[in-house]
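Here is a short tour to read alongside your viewer. Please keep the sequence and the model open as you go.

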Amino acid sequence: MVAVKPEYLTEYIRSHNDIHAFGNFPESPRVLELALQDENLPDEEIALTPADRKIVLTTLRKRSRDASFQSRVLNAYSYSYSCAMCNVQLRLIDAAHILPVEIDGSSDETFNGIALCAIHHRAYDRALVTFNEDFQVRLNDNRLESLEKEKLGGGTKEFRAGLRPLINLPPSRRDRPHPEYIAKANLLRGWAR
Ligand SMILES: [Zn+2]
């Protein structure tokens, strides 16, 4: 018998093989619960877990963190469930990391996230569009120019026209994109200041 919070149902469906593979030895449920709640769980606790299950634990922990980031960021912007750059809703909104997770110094803090539609999420990750510390949206004109030269510039006019001058911000100041992450992310993706 399994109970799952509705907001974690998708996550459970994705992860159930790993969750159940974690095993039935007596310490499993406690270690799993602690490990998912507290990423600083001491190694001695995890050491109760046989080595082959550590991989499962790492995967589950990452998924649990991803789900938590996703729900915190979307909640922070949830007054309209819309893209911070274009206002599109249509249930196409992702929680995008500002500074990518794989970069040193990145984090899953809500202020390292922004709610973006699928198109602007991809465009942001590929440095076609960004926003600066004053929250102004910027378009990569050089990139657009070279795409046009490659005969891949279709939709440029609409893409440009669809962007807000400033990103929408979460009502709560502490959830707003942090200037340090914005600057680091723009530097990483090659944006001139
Ligand atoms: Zn958008």
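## Model and confidence

This is a predicted model, in which local features need pLDDT of at least 70, side-chain atom pairs count only at pLDDT 80 or more, and totals for chains, interfaces and linings use all residues. Residues are numbered from 1 along each chain as its sequence is written.

The chain averages a pLDDT (the predictor's confidence in each residue, from 0 to 100) of 85, and 78% of the residues score at least 70. Confidence is lowest in helix α3 (residues 43-46), with a mean of 62, while β3 has the highest, at 98.

## Overall layout

The chain has 8 helices and 4 strands; these are DSSP runs numbered from the N terminus, helices being H or I with at least four residues and strands E with at least two. Along the sequence they follow the pattern α-α-α-α-β-β-α-β-β-α-α-α.

Of the 193 residues, 22% count as buried, meaning that 20 or more other C-beta atoms lie within 10 Å of a residue's own; with 12 or fewer a residue is exposed, and in between it is partly exposed, with C-beta atoms placed from the backbone. Among contacts (C-beta atoms, placed from the backbone, within 7 Å) with a separation of 6 or more, 62% are between residues 24 or more positions apart.

How many residues of strand β2 are buried? In β2 (residues 113-117), 5 of its 5 residues are buried. Gly113, Ala115 and Cys117 point one way from the strand, whereas Ile114 and Leu116 point the other way.

Strand β1 (residues 93-97) runs antiparallel to β2, and 5 bridges join the two; strands pair if DSSP finds at least two bridges between them. Within this pairing, His97 stands opposite Gly113 in β2.

## Helix α5

Now to helix α5 (residues 118-125), whose buried residues are His120, His121, Ala123 and Tyr124. What do these buried residues pack against? Their partners are β1, β2 and β3 (129-131). After α5 comes Ala127, which has a positive phi, near 60°.

## A look at Gln70

Gln70 lies in helix α4 (residues 51-76). Why is Gln70 classed as partly exposed? The class applies because Gln70 has 18 other C-beta atoms within 10 Å.

Gln70 and Ala96 are 26 residues apart in sequence, and their C-alpha atoms are 8.2 Å apart in space.

Note on methods: Contact = placed C-beta atoms within 7 Å.
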